[in-house]
Amino acid sequence: MPQTHRIDAERPIDLHTHSTASDGTESPAEVVRQAARAGLGTLALTDHDTMDGWVPARATARAVGVTLIPGIEFSTQIGPASVHVLGYLIDPRDEPLRAEFDAVRTSRITRAERMVELIGADYPLTWDDVRAEAADGATLGRPHIADALVRKGLATDRTAAFASILHWQGGYFVPHHAPSPLEAIRLIRGAGGVPVLAHPGSRGRRAMTPATFEGLVEAGLAGVEIGHRENSPRSRALLAELAARYDLIVTGSSDYHGRGKPNRLGENTTEPDQLIRIIDAATGSEPVYPD
Ligand code: AMP
Ligand code: FE
Ligand code: FE
Ligand code: ZN
């Protein structure tokens, strides 16, 4: 595997970030520039339910000397609980995966329209306000509704909007179509990618029992994101146990959203040997190495 020797083991590796292709506030190129400025050697761009940021990110990564790992973060659900699955180095041409992304993204638009209708009955918020916050073709989400609420003076920041009007129990929440994590893992594997469970220990709607977890491993789950600010210390210990039991890849990452979240690039990082395991397990696409 000659490409594994090209990993920059000296500089930090951050494998979970978002751009304006989904709910980050900086363009894909700008996220890569910020990564270089922060001293990272390797960055994965993992926008929600889209690969649209890969092309602009790739050109900038080459220019600024950062290794780019093309990725995605799949929105999935178990009953009412939202579960996120990262997918690295998938084949962007894979039709079944593209079709499911399209289904999720289309449903996210209808869902956002319904939420804005409900919110608009109580607050001065319109669909145009929300559209104005999202880049063309971006995966639409509650963060864009949050930005519109902030611009209208109805919330101080995204965090406040999520704690009130946009909370899933806040009275305005509408779900969108999402596959089960099992389906997402199979789709990512089918596209030659490497599925890693994102922030499994984050609070909120809990769904991850050890039995559920075992099912995901049987379906092809390759790794778990343990280093993430939303994973509680207790959940990290449990996840480390599970990772050892099933010989899973272990990652740590920032989940950077630009100004959309307090998360800073490189606040959690992944060990080079774990990144090499990801690259070795992938057949869908390759890292983009600096020239
Ligand atoms: P959605 O998938 O549209 O339901 O929105 C969930 C997204 O909102 C997640 O991907 C997070 O990035 C973002 N999010 C969740 N909670 C917060 C928060 N408190 N502050 C900022 N962004 C958040
Ligand atoms: Fe997000
Ligand atoms: Fe997530
Ligand atoms: Zn994320």
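Visitor: How do strand 5 and strand 6 pair, in the parallel or the antiparallel sense?
Guide: In this predicted model, strand 5, which covers residues 194-197, and strand 6, which covers residues 223-227, pair in the parallel sense over 2 bridges. One of the residues involved is Leu197, whose bridge partner in strand 6 is Val224.

Visitor: And strand 7, how many bridges join strand 6 to that one?
Guide: There are 4 bridges between strand 6 and strand 7, and these two strands run parallel.

Visitor: How many residues of strand 6 are buried?
Guide: Strand 6 is mostly covered, with 5 of its 5 residues buried.

Visitor: What does the sheet look like, and in what order do the strands come?
Guide: The sheet is an open one formed by 7 strands in the order 1-2-3-4-5-6-7, and the pairing is mixed. As background, strands of a sheet pair through backbone hydrogen bonds, either parallel or antiparallel.

Visitor: Which strands stand at the edges?
Guide: Those are strand 1, at residues 13-14, and strand 7, at residues 249-252; each has a single partner strand, so one side of each is left without a neighbour in the sheet.

Visitor: Let's pick a residue in strand 2, say Thr42. Is Thr42 buried or exposed?
Guide: Thr42, which lies in strand 2, has a relative accessible area of 0%, and therefore counts as buried. Setting aside residues up to four places away in sequence, Thr42 touches Pro12, Ile13, Asp14, Val66, Thr67, Ile69 and Leu275.

Visitor: Switching to helices, which strands does helix 7 lie across?
Guide: Helix 7 lies across strand 3 (67-78), strand 4 (81-88) and strand 5, and it runs at about 150° to strand 3.

Visitor: At what angle do helix 7 and helix 8 pack?
Guide: Helix 7, at residues 181-190, and helix 8, at residues 210-219, pack at an angle of about 20°, with their axes 9 Å apart. The two helices are therefore roughly parallel to each other, and their crossing is right-handed.

Visitor: Which residues meet there?
Guide: From helix 7 there are Pro181, Leu182, Ile185 and Arg186, and these meet Gly215, Leu216 and Ala219 in helix 8. Sorted by type, the residues of this contact between helix 7 and helix 8 divide into 5 nonpolar, 1 polar and 1 charged.

Visitor: What about Ala184, is that residue buried or exposed?
Guide: Ala184, which is found in helix 7, is buried, with a relative accessible area of 0%. Leaving aside its neighbours within four places in sequence, Ala184 is in contact with Phe74, Thr76 and Pro179.

Visitor: And what separates the C-alpha atoms of Ala184 and Ala112?
Guide: Those C-alpha atoms are separated by 22 Å, and the two residues are 72 residues apart along the chain.

Visitor: How far apart are the axes of helix 3 and helix 5?
Guide: Their axes are 10 Å apart, and helix 3 and helix 5, the latter covering residues 142-151, pack at an angle of about 35°. Helix 3 passes helix 5 in a right-handed crossing. The contact is made by Arg111, Ala112, Met115, Val116 and Ile119 of helix 3, together with Arg142, Ile145 and Leu149 of helix 5. These residues of the contact of helix 3 with helix 5 divide into 6 nonpolar, no polar and 2 charged.

Visitor: New topic: what is the phi of Asp49?
Guide: Asp49 has a positive phi of about 55° although it is not a glycine. For comparison, most residues other than glycine have a negative phi. Asp49 is found in the loop between strand 2 (42-48) and helix 2 (54-64), and it is buried, with a relative accessible area of 0%.

Visitor: Where is Leu89 found?
Guide: Leu89 is found in the loop between strand 4 and helix 3 (95-120). Leu89 has a positive phi of about 55° although it is not a glycine, and it is buried at a relative accessible area of 0%.

How values were computed:
Residues are numbered from 1 along each chain as its sequence is written. Chains are lettered from A and ligands numbered from 1 in the order in which they are written. This is a predicted model: local features need pLDDT of at least 70, side-chain atom pairs count only at pLDDT 80 or more; totals for chains, interfaces and linings use all residues. Side-chain values use heavy atoms; hydrogens and water are left out. Axes are lines fitted to C-alpha atoms, for helices over the stretch in contact, and angles run from 0 to 180 degrees between N-to-C directions. Angles under 35 degrees count as roughly parallel, over 145 as roughly antiparallel, 65 to 115 as roughly perpendicular and the rest as oblique. A crossing is left-handed if the near helix is turned anticlockwise from the far one by less than a right angle, and right-handed if clockwise. Contact means heavy atoms within 4.5 Å. Ala, Val, Leu, Ile, Met, Phe, Trp, Tyr, Cys and Pro count as nonpolar, Asp, Glu, Lys and Arg as charged, and the others, Gly among them, as polar. Buried means under 20% relative accessible area, exposed over 50%, partly exposed in between (1.4 Å probe, protein chains only). Two strands pair if DSSP finds at least two bridges between them.
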